[in-house]
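Trainee: Could you take a close look at a single part with me, and tell me how it sits in its surroundings?

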Protein chains: 2
Amino acid sequence: VKNRQVILRNAVPGRPRPEDFALAETTAPEPADGEVLVQTLYLSLDPYMGSAIKGRHMSGAVAPGEVMPGETIGRVVRSRHAAYREGDLVASRNGWQEYAVASAPDPLQHGLAAAVARVATPLAADPRVPLTAYLGALGSPGLTAYAGLLTCIDPKPGENVVTSAATGAVGSTLGQIARNMGARAVGLAGSAAKCAHAVQHLGFAACVNYKEPGWTERLAAACPGGVHGYSDNSGGAVLEGVVGCLAMGGRIMLIGLMDQYNTSERLPGPGLGPFIGKRARITGFVVYDHRHRLAEWRRIGAQWIAEGRLRFHEERIPDLAAAPAAFARLMAGETMGKLIVAVGGE
Amino acid sequence: VKNRQVILRNAVPGRPRPEDFALAETTAPEPADGEVLVQTLYLSLDPYMGSAIKGRHMSGAVAPGEVMPGETIGRVVRSRHAAYREGDLVASRNGWQEYAVASAPDPLQHGLAAAVARVATPLAADPRVPLTAYLGALGSPGLTAYAGLLTCIDPKPGENVVTSAATGAVGSTLGQIARNMGARAVGLAGSAAKCAHAVQHLGFAACVNYKEPGWTERLAAACPGGVHGYSDNSGGAVLEGVVGCLAMGGRIMLIGLMDQYNTSERLPGPGLGPFIGKRARITGFVVYDHRHRLAEWRRIGAQWIAEGRLRFHEERIPDLAAAPAAFARLMAGETMGKLIVAVGGE
């Protein structure tokens with residue numbers, strides 16, 4: 001069987017461009033004993049991949065010539081493992097390709113190893129929820145929002161919880177969880193259209209366009225009493241601006257460094273004066289540490305989706321060949337919602 | 001009665017020099033009804049004063065011509081308050097002068113207001129403890145160490161707890177508390193003599209001179225398994241270096257920005273990459289929030305002092321006129337231990 005792939009063509013010092021990637025074709029591998037062959041149905045495109053192609057992400061570096069990594073939902077098409085049958089739906093990490101072999105999850109594996117290893121996890125899909133949600137609101141981005149909000153921010157009712165990238169996969173979920181827990185969700189996004197979407201479709205109390213001059217004043221006005229919780233994926237100017245709006249005892253959760261993913265430089269952090277003045281805290285968060293809570297989150301999140309209390313927006317990329325251009329738009333901040341590549345099979 | 005004072009002479013854009021201050025002489029004020037006149041016995045010199053004279057400290061700005069503020073131990077020499085008699089020992093905030101009036105503490109005042117207001121708090125001195133300890137190990141610096149260590153770092157037995165300014169009033173106390181709680185105390189200090197003092201006199205497991213090239217490698221070697229807790233008063237290059245040595249789940253407590261106290265600039269913070277990689281946390285700490293724990297800390301600390309398990313080093317400045325030069329040395333990192341000005345009366 002033919003296996004179409006997208007490989008990294010060259011090193012990417014700045015913002016990724018479509019021409020930094022190349023289509024390749026090979027033959028689908030044969031599963032060894034204890035392995036399964038998984039056909040990719042849906043591939044998730046995520047900002048961390050911009051860090052991985054610069055060799056800086058903890059999930060591993062991607063070298064030129066290698067297949068791009070990525071989380072996928074797929075179907076077992078050949079099984080040499082007793083626990084899997086052909087047709088089973090699995091979550092795996094096939095990457096940007098049509099087929100990959102995977103092993104069964106080892107219950108002794110935890111955290112990072114289990115998260116990035118080539119394992120196929122049986123997917124017990126909820127019929128009320130579209131399959132692609134398991135890559136977004138009910139996948140790693142959603143678990144980032146849920147576990148991060150609870151452990152790093154711990155919002156109290158009435159508090160202002162702000163998120164960067166409010167229409168992104170993590171931010172849109174985090175804001176709605178905060179709101180469902182009784183906090184006020186306030187978004188930051190990079191266009192008027194995204195802000196309108198966050199308020200009208202996702203139910204944020206307010207959303208501020210951080211590309212407009214004076215945005216920090218508008219954020220302060222949107223957060224009476226200051227910013228109590230903030231989820232940041234920028235690590236740069238947006239973070240610096242929000243730090244200036246912190247409430248006493250503000251808690252910041254740092255989940256990504258988008259401002260550094262598109263550059264070879266490592267940037268300094270925000271000035272620390274407000275952290276003392278506001279007795280504030282910043283905590284680095286890695287979703288791999290919290291995979292044991294995925295089932296818990298999926299139960300809660302699926303119920304909320306069924307009730308209409310957790311909404312999400314997807315941009316569906318119709319073909320693997322279009323993934324590089326979509327990824328370039330993602331890293332330029334030009335997309336809205338979760339990017340899903342419909343690789344095939346359905 | 002004559003009242004000698006030290007006033008700020010001019011704005012101080014850089015590191016303070018003795019000539020930025022001037023001696024003045026006035027007449028001791030008369031206490032109004034409900035007030036007491038307090039004669040200063042001992043004055044504490046502390047790094048935060050370097051921030052106050054730049055107008056940046058939360059205890060208030062000091063303008064040219066004003067008396068320098070500061071914590072003091074004194075004696076009531078005239079009382080117009082029923083709860084005080086002449087001869088009573090009090091902790092107050094007389095500043096850099098021989099006499100000041102103060103009111104009785106208002107039990108409704110809390111936190112910052114009570115901490116910086118002109119109030120005289122009765123001092124129940126422990127006979128096993130020298131009076132000056134109530135400005136250092138058992139005063140605000142000691143409470144910073146105790147409450148900060150417990151709330152921001154929460155050390156576990158065997159963990160490596162690092163402190164900047166290891167021979168300073170906060171750092172020396174913090175390291176010994178951490179050690180008494182079963183952690184390993186590792187110091188950072190700016191000279192070989194200070195490092196020797198920290199190990200030999202204060203009982204640190206190790207101390208690294210951060211002014212020598214390669215100090216971060218030596219710190220890493222002194223902290224097998226990484227830095228689990230770190231108390232920082234630099235906010236600059238020392239912090240950046242320690243961040244590179246963090247253990248997984250490392251906790252940093254930020255109590256000062258010494259690197260900015262001597263400059264008009266506000267500096268950026270450390271790069272944030274390691275905070276994600278190490279799931280680390282940095283928390284700003286203000287001792288004024290924790291004054292309700294002062295009595296608790298004084299009970300514990302006095303017992304440790306009596307048992308020889310909490311040691312401290314003081315440099316005694318013999319006269320108020322010598323305070324500016326001593327303060328300049330403090331802000332240049334050239335002093336060791338707690339600076340106490342013996343203002344008079346004993």
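This is a predicted model: local features need pLDDT of at least 70, side-chain atom pairs count only at pLDDT 80 or more; totals for chains, interfaces and linings use all residues.

Mentor: Chain A has 11 helices and 15 strands, which are DSSP runs numbered from the N terminus (H or I of at least four residues for helices, E of at least two for strands).

For the close look, take chain B, where the axes of helix α3 (residues 140-153) and helix α10 (residues 294-307) come within 10 Å and cross at roughly 95°; axes are lines fitted to C-alpha atoms over the stretch in contact, and angles between N-to-C directions run from 0 to 180 degrees. α3(B) is therefore roughly perpendicular to α10(B) (65 to 115 degrees; under 35 is roughly parallel, over 145 roughly antiparallel, the rest oblique). Gly142(B), Leu143(B) and Tyr146(B) of α3(B) are in contact with Leu294(B), Glu296(B), Trp297(B) and Ile300(B) of α10(B), with heavy atoms within 4.5 Å. By class, this contact has five nonpolar, one polar and one charged residues, where Gly counts as polar, Glu as charged, and Leu, Tyr, Trp and Ile as nonpolar.

Chain B can be laid on chain A by a turn of 180° and a shift of 0.0 Å along the axis, with an RMSD of 0.0 Å, so the two copies are related as by a two-fold rotation axis.

Residues are numbered from 1 along each chain, and chains are lettered from A in the order written, with ligands numbered from 1. Local features need pLDDT of at least 70 and side-chain atom pairs 80 or more, while totals for chains, interfaces and linings use all residues, and side-chain values use heavy atoms without hydrogens or water.

Key. Copies are superposed by least squares on the C-alpha atoms of residues with pLDDT of at least 70 in both.
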